[in-house]
Amino acid sequence: MQSATMAEANGTQKRGAKEKSASNGAVAKSAARNVKTDYTRWRLKDDRGCQTWHYLETDKEMEAWPQSLADKFHLGMDLGLPDLPPPKTPLQAATNGLSYFSHLQLPPGNWACDYGGPMFLLPGLVITWYVTETPIPESHATEIKNYLFARQHPEDGGWGLHIEGESTVFGTAMNYTTMRLLGADPDDPRLVKARATLWKLGGALNGPHWAKFWLSVLGVLDYDVVNPVPPELWLLPDWVPIAPWRWWIHMRQVFLPMSYVYSRRWSYPLNHLTRQLRSELLVQPFETINFDSHRNTISPTDNYHPKTWILRLLFWLLINVWFPFIRPASLKKRAEDHVWWLIEAEDENTDFANLGPVNGPMNTLCAYIHSGPDSVAFREHIKSLPEFLWVNKEGMLMNGTNGVQTWDTAFTINAVAAAGFCDNPTWRPMLVKALEFLEDQQMDEECRDLKACYRQQRKGAWGFSTKKQGYTVSDCTSEGLKSVLMLQKQHNGFPELVSDRRCKDAIDVVLTMQNPSGGCASYEPTRGSVLLEHLNAAEVFGNIMIEYDYPECTTAVITALHMFQKYFPEYRADEIKAFKGRAVEYIRRAQRPDGSWYGSWGICFTYAGMFAMESLACGGETYANSARVRKGCQFFLDHQMEDGGWGETYRSCETSVYHQHARSQVVQTAWVVIALLEAEFPDPEPLRKALRMIMRRQQANGEWLQEAIEGVFNKSCMISYPNYKFIFPIKALGLFARRFGNEELL
């Protein structure tokens with residue numbers, strides 16, 4: 001049976017039909033135009049790191065499940081925490097910050113957060129719900145609309161690729177569609193404004209490949225507008241240079257289900273709403289459009305990585321030669337069957353969590369197409385998809401993965417250790433819980449059909465989010481191992497939860513992650529040539545086709561190996577020594593002529609520089625003995641702002657040139673302070689000035705407020721790491737106190 005939201009969206013419920021009454025807590029009318037749920041009814045459930053938000057309908061449910069401080073924090077509600085003694089020294093400020101942050105730890109021991117930023121994720125989920133006729137809870141529909149309204153561009157009413165970006169066809173067409181599927185009125189002035197912006201950009205026909213794909217699934221566009229996604233590529237022998245197993249894991253796991261749906265040309269039957277969307281998203285009548293001629297049309301605002309002539313030629317050959325004249329039906333079926341097998345393997349190896357929030361909904365759709373709405377696979381997907389959703393003060397969004405649980409928990413332990421707090425009994429219960437979480441999240445078995453589904457070794461690894469998601473990540477494994485060693489080996493009194501054998505298993509994984517260059521990538525070593533970027537069809541992202549070397553990942557691995565050797569000096573000693581030597585040499589080569597390093601996972605030069613300095617320190621290089629370290633320090637000093645802080649915008653990531661922010665940023669300032677301290681920069685005065693800024697920005701209760709977005713992927717899309725505003729200031733303050741003394745700064 002359809003929910004009220006689905007019925008209205010499908011056009012089977014008349015506009016103005018009565019909403020659930022506010023008295024039962026379902027929705028409540030605000031004084032403004034938006035309907036708003038009662039935020040006192042939201043609860044975050046954390047089941048061994050699997051995080052889902054639940055809306056409680058009754059007072060009895062609320063009494064049985066009280067709202068936690070963490071719930072209130074994430075919802076933007078007042079925690080009611082008292083003011084703390086005003087800090088004068090770095091450690092007092094770090095203590096106040098940790099005091100606040102400790103209240104946000106969840107029962108399994110991890111920290112959670114709003115891992116939002118990308119604006120192309122929710123549409124894929126909502127379209128999947130819609131075309132599979134999956135009921136959408138009214139609470140979710142309400143808050144998704146609230147979030148999208150809150151994130152409209154303040155001037156033109158459109159949406160961008162990410163929350164700080166300019167309006168694009170991708171963001172505007174897809175999020176407008178999402179609003180309409182959830183029942184938003186096309187005559188709402190905010191949608192009228194968004195529609196005007198979309199039309200100025202040329203309408204949905206000027207969208208990138210992924211937008212055209214999803215709108216064809218919905219039945220708003222015709223598949224002739226979608227550039228080909230042939231599943232036959234998965235039948236290529238592994239030795240072929242363009243075989244998909246050589247692609248970056250996120251690209252190939254999106255291409256996989258997309259190719260299945262494209263090959264089947266599955267589309268939702270046209271109804272009243274989707275017919276309306278055709279007139280709202282397109283600037284000319286649907287019946288007059290030659291869709292084939294628009295496969296390569298794209299708005300300049302979306303065209304970050306233009307398609308190469310090689311790719312255009314391949315698309316032409318597939319459309320005009322391969323599909324109509326050569327492709328046998330038997331090969332098509334064989335390809336679809338093999339792709340479905342790979343999708344099933346992905347589902348099994350991740351317990352239906354899937355790699356991320358793009359292939360998750362796509363795999364759900366494939367299960368629906370292949371096996372139907374009553375199949376186990378489809379039902380399990382529908383149960384797992386809410387793990388990507390998050391509620392904040394603006395509404396409901398979709399996270400960039402199913403969370404950052406392991407990553408942020410490991411970094412928190414690292415920061416607490418840097419501040420010298422591990423032996424303080426106040427923090428021991430918090431740290432024991434964090435250690436218990438890391439122990440629980442280490443992967444203890446390999447994937448099904450590891451080689452056949454092209455997965456990296458994972459026994460002993462930690463992932464970015466959860467064990468359930470099940471993907472090895474080089475720096476997450478390294479940071480997880482370091483955190484375990486910090487507590488179990490460097491400090492007394494912590495339980496030995498992770499055995500020595502399991503620590504060695506982690507090292508066994510890490511030692512598989514190095515590229516011939518000496519650097520390390522993220523999920524697996526680089527498998528393909530950089531020439532594969534000529535086949536990048538996504539258009540809105542850069543560096544998406546293969547894995548690359550990253551100073552951030554390489555540093556995490558170097559420092560993990562360095563720490564491991566202190567406690568296990570005999571284990572694979574020669575291999576570790578050689579690995580470290582090659583890795584440090586890569587860090588040296590990756591430095592730019594101006595002394596900087598380019599960051600691929602955080603914004604941008606400040607982030608990568610922090611890691612690079614730590615790597616060089618492990619190699620024995622400091623300000624006193626290394627010209628390259630001095631050059632790196634000077635790069636930072638040249639960009640210090642008048643108030644003592646540092647700040648760069650996401651444009652640094654897009655352009656590979658430092659772009660200074662209008663205002664210094666607490667997180668980026670902390671990164672630079674850590675970098676200079678790792679470099680053993682001798683003059684404390686620039687650091688004092690920076691830490692004074694950090695301390696002045698701290699609130700009376702110990703909190704730091706959210707500032708600009710912190711993270712990035714694929715050069716063009718930004719993503720939020722809101723726990724960084726606690727983790728890295730605490731670490732920077734602690735490291736300064738250990739190096740220069742816990743002196744009064746305020």
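A nonpolar patch on the surface is formed by Trp309, Ile310, Leu313, Leu314, Trp316 and Leu317, which together have about 600 Å² of accessible area (Shrake-Rupley method with a 1.4 Å probe, where for residues only the protein chains shown count as cover). Patches are made of residues with over 30% relative accessible area and no salt bridge, like charges being joined within 9 Å and nonpolar side chains (Val, Leu, Ile, Met, Phe, Trp, Tyr) within 5 Å. One of these residues, Trp316, lies in helix H12, residues 309-326 (helices, H or I, of at least four residues and strands, E, of at least two are DSSP runs, numbered from the N terminus). Trp316 counts as partly exposed because its relative accessibility is 45%, where buried means under 20% relative accessible area, exposed over 50%, and partly exposed in between, with a 1.4 Å probe and protein chains only.

The model is predicted, so that local features need pLDDT of at least 70 and side-chain atom pairs count only at pLDDT 80 or more, whereas totals for chains, interfaces and linings use all residues. Residues are numbered from 1 along each chain as its sequence is written, and side-chain values use heavy atoms, with hydrogens and water left out.

In contrast to the partly exposed Trp316, Pro123 is buried, because its relative accessibility is 0%. Pro123 has its place in helix H5, residues 121-131, and, leaving aside neighbours within four places in sequence, Pro123 is in contact (heavy atoms within 4.5 Å) with Met174, Asn175 and Thr178. The C-alpha atoms of Pro123 and Pro361 are separated by 9.8 Å, although the two residues are 238 residues apart along the chain.

Turning to charged pairs, a salt bridge is a side-chain nitrogen of Lys or Arg within 4 Å of a carboxyl oxygen of Asp or Glu, and by this rule the count comes to 38 salt bridges. Arg48 and Asp440 meet in one of them, at 2.7 Å from N to O. This pair links distant parts of the chain, 392 residues apart, with Arg48 in the loop between strand E3 (42-47) and strand E4 (50-55) and Asp440 in helix H17 (residues 428-441). Arg48 is partly exposed because its relative accessible area is 48%, and Asp440 is partly exposed because its value is 21%.

Asp337 and Lys333 also meet in a salt bridge, at 2.7 Å from N to O, but both lie in helix H13 (residues 329-349), four residues apart, about one turn of the helix. Finally, a network of salt bridges links Arg501, Asp505, Asp508, Arg572 and Glu575.
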